[in-house]
Amino acid sequence: MELHVRYEGDDDPEKCSARKLARFDLAELHRSARETPPGIVLNPFADRALSPADADHTALVALDCSWESAEKTAFELQGTPRALPFLVAANPVNYGQPFQLNTVEAFAGALCILGEREHAERLLSKFRWGHTFLELNEEPLARYAACADSEAVVKIQEEYLDAEPEATPAGSDPS
Ligand SMILES: C[S@@+](CC[C@H](N)C(=O)[O-])C[C@H]1O[C@@H](n2cnc3c(N)ncnc32)[C@H](O)[C@@H]1O
């Protein structure tokens, strides 16, 4: 699976996981939406959750920007938008937060759901806390990866949301 990043560059470059992936040739950064190739666009506002039914795609695309600038319109990139289901961040900035993953966590979670766990482990091995992401999310990732489609993923996600009522999928309307 190819990994592409629409790189906004408004977040702390020292902590930026996308820049680190690019340094190791594990992802390609693109400075504009036009230059970013199409693929599954990892978009927290998407109506549909990622599932193994999406595994026929050949590229994943993330938007690396600060969460402050991660508005709906910023995700208008070529391709197929998909939200990640309930997963918990392990990175030091957002540790323990559901849904607010950083770029490497979003790629790794997506790859696990799409059946490419080794690729996910390769990415996370570059981060001190990387293995913790897989440990924290081991059960949901295994269950999502065994689903047939997006509806089944969302059904499983509901179990985790019921156990953690404060957690709402990014972009969902709380009213
Ligand atoms: C907002 S950026 C923050 C990146 C951070 N600066 C870093 O160093 O990695 C994280 C990106 O990961 C993807 N992502 C994170 N959580 C997601 C979710 N719940 N659903 C879909 N994509 C998600 C999106 O592409 C999002 O824009």
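Helices (H or I, at least four residues) and strands (E, at least two) are DSSP runs, numbered from the N terminus. I work with a predicted model, in which local features need pLDDT of at least 70, side-chain atom pairs count only at pLDDT 80 or more, and totals for chains, interfaces and linings use all residues. Residues are numbered from 1 along each chain as its sequence is written.

**Entry: the ligand shell**

I looked up which elements supply at least two residues each to the shell around the ligand. They are α1 (17-23), β4 (59-64) and α2 (103-113). The most comes from β4, with three residues. I counted a residue as near a molecule or strand if its C-beta atom, placed from the backbone, lies within 6 Å of it. There are 23 residues around the ligand, and Ser-17, Leu-42, Asn-102, Thr-103 and Ala-106 come nearest.

I then sorted the shell by residue type. It has 15 nonpolar, five polar and three charged residues.

**Entry: the UniProt record**

I checked the unreviewed UniProt entry. Over residues 1-34 I find 21% helix and 26% strand, with the end C-alpha atoms 20 Å apart. The unreviewed entry also has the annotation "binding site", covering Ser-17, Leu-63, Leu-84 and Thr-103. UniProt positions are in the numbering used here, feature names are shortened, and annotations may be inferred rather than shown by experiment.

**Entry: two annotated residues**

I went to Leu-63 in strand β4. Leu-63 counts as buried because it has 23 C-beta neighbours inside 10 Å. The cut-offs are 20 or more other C-beta atoms within 10 Å of its own for buried, 12 or fewer for exposed, and partly exposed in between, with C-beta atoms placed from the backbone. Beyond four places in sequence, Leu-63 is in contact with Arg-6, Glu-8, Ala-70, Ala-74, Phe-75 and Leu-77. Contact means that the C-beta atoms of two residues, placed from the backbone, lie within 7 Å.

Next I took Thr-103, in helix α2. Thr-103 is buried, since 25 other C-beta atoms lie within 10 Å. Leaving out residues up to four places away in sequence, Thr-103 touches Val-5, Ser-17, Ala-18, Ala-62 and Asp-64.

**Entry: Ala-22**

I found Ala-22 in helix α1. With 17 other C-beta atoms within 10 Å, Ala-22 is partly exposed. Ala-22 touches Ala-27, Glu-28 and Leu-29, residues up to four places away in sequence not counted.

How values were computed
Nonpolar A, V, L, I, M, F, W, Y, C, P; charged D, E, K, R; others polar.
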